[in-house]
Amino acid sequence: MRDLHSVIPDSRPKGEPRKPPMVPVRHAKACLRTRRSHSMVERSSAKQIEVWSGEPMMYVLALATDYDETLAEHGLVSDATFKALEDFKKTGRKLILVTGRELPDLARVFPGHDIFDKIVAENGGLLYTPGTKVKRLLAPAPPQEFVDRLKSRGVAPLYVGDSIVATLVPNETIVLDEIRRLGLELEIIFNKGAVMVLPSGVNKATGLAAALEELELSPHNVVAIGDAENDDAFLRAAGYGVAVANALPSLKETADRVTSGQRGEGVAELVGQITANDADLTQSRRQ
């Protein structure tokens with residue numbers, strides 16, 4: 001199977017690494033092509049999806065990944081997984097981290113976060129560019145009265161970021177009660193045992209959209225990978241959604257593909273498949 005570079009003349013100077021073409025958003029559909037024959041796309045070791053002729057195929061220009069229990073295991077990224085990210089970057093593609101963590105906390109547990117071109121933090125509430133260290137708020141700060149009320153009712157732990165308020169189950173009952181009591185336009189987003197509160201309509205998908213706008217990329221050219229409930233939105237927003245093997249069953253059901261490896265091993269597996277042959281990997285049943 002030929003990949004993108006086999007059909008595009010190689011005009012790069014001798015010795016320069018090969019890079020995929022950058023495709024403007026307005027020409028995103030031009031990146032799609034179809035195969036005449038059907039193929040089998042592996043979703044897991046036990047389950048496959050048959051993709052028939054006429055299904056669109058995409059060129060991957062960026063990888064968007066969740067952090068906890070996707071890229072990282074118990075908060076840490078392994079050397080092998082980080083090496084996979086470096087290999088991906090060498091192809092000229094973009095890396096986007098999409099996480100529910102606050103930036104200071106992310107920097108503490110992941111010193112190598114600056115390998116990413118964009119970081120969507122606070123579950124879509126904040127966009128950070130490591131190269132320039134520019135931070136852009138994508139949602140307003142939480143109302144102080146709301147935070148004070150949660151503290152007065154003994155909600156703990158309680159984390160307050162630039163845009164996000166977070167705690168753990170079963171505190172969602174108190175959180176929802178205070179949202180109603182104060183008449184706030186806030187919504188609760190779950191991430192396994194975590195309870196995150198953000199303005200209505202703010203999530204990982206909206207954060208990813210902001211990152212792609214700054215990178216001048218179309219979501220059609222993005223592969224997204226995650227493991228939990230709050231990842232569903234940005235997996236659906238991307239051109240191709242992948243769940244790691246340890247993902248929740250509900251996410252596996254909506255993803256285009258499930259890796260055989262868990263957490264960072266699954267991300268490394270996906271990176272290897274993308275760089276080896278974009279077209280074979282990314283036949284999406286959702287396009």
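Guide: The crossing of H1 and H8 is left-handed, a term used if the near helix is turned anticlockwise from the far one by less than a right angle, with right-handed used if clockwise. The model is predicted, so that local features need pLDDT of at least 70 and side-chain atom pairs count only at pLDDT 80 or more, while totals for chains, interfaces and linings use all residues. Residues are numbered from 1 along each chain as its sequence is written, and side-chain values use heavy atoms, leaving out hydrogens and water.

Two packed helices are described by the angle between their axes and the distance between the axes. Helix H1 spans residues 79-90 and helix H8 residues 263-276; their axes come within 9 Å and cross at roughly 25°. H1 is therefore roughly parallel to H8, the label for angles under 35 degrees. Here the axes are lines fitted to C-alpha atoms, for helices over the stretch in contact, and angles run from 0 to 180 degrees between N-to-C directions. Helices are DSSP runs of H or I with at least four residues, numbered from the N terminus.

On the H1 side, Thr81, Ala84 and Phe88 take part in the contact (heavy atoms within 4.5 Å). Their partners in H8 are Gly264, Glu265, Ala268, Val271, Ile274 and Thr275. The residues of this contact comprise five nonpolar, three polar and one charged. In this division Ala, Val, Leu, Ile, Met, Phe, Trp, Tyr, Cys and Pro count as nonpolar, Asp, Glu, Lys and Arg as charged, and the others, Gly among them, as polar.

Key: Helix = DSSP H or I, 4+ residues; strand = E, 2+ residues; numbered from the N terminus. Parallel < 35°, antiparallel > 145°, perpendicular 65-115°, else oblique.
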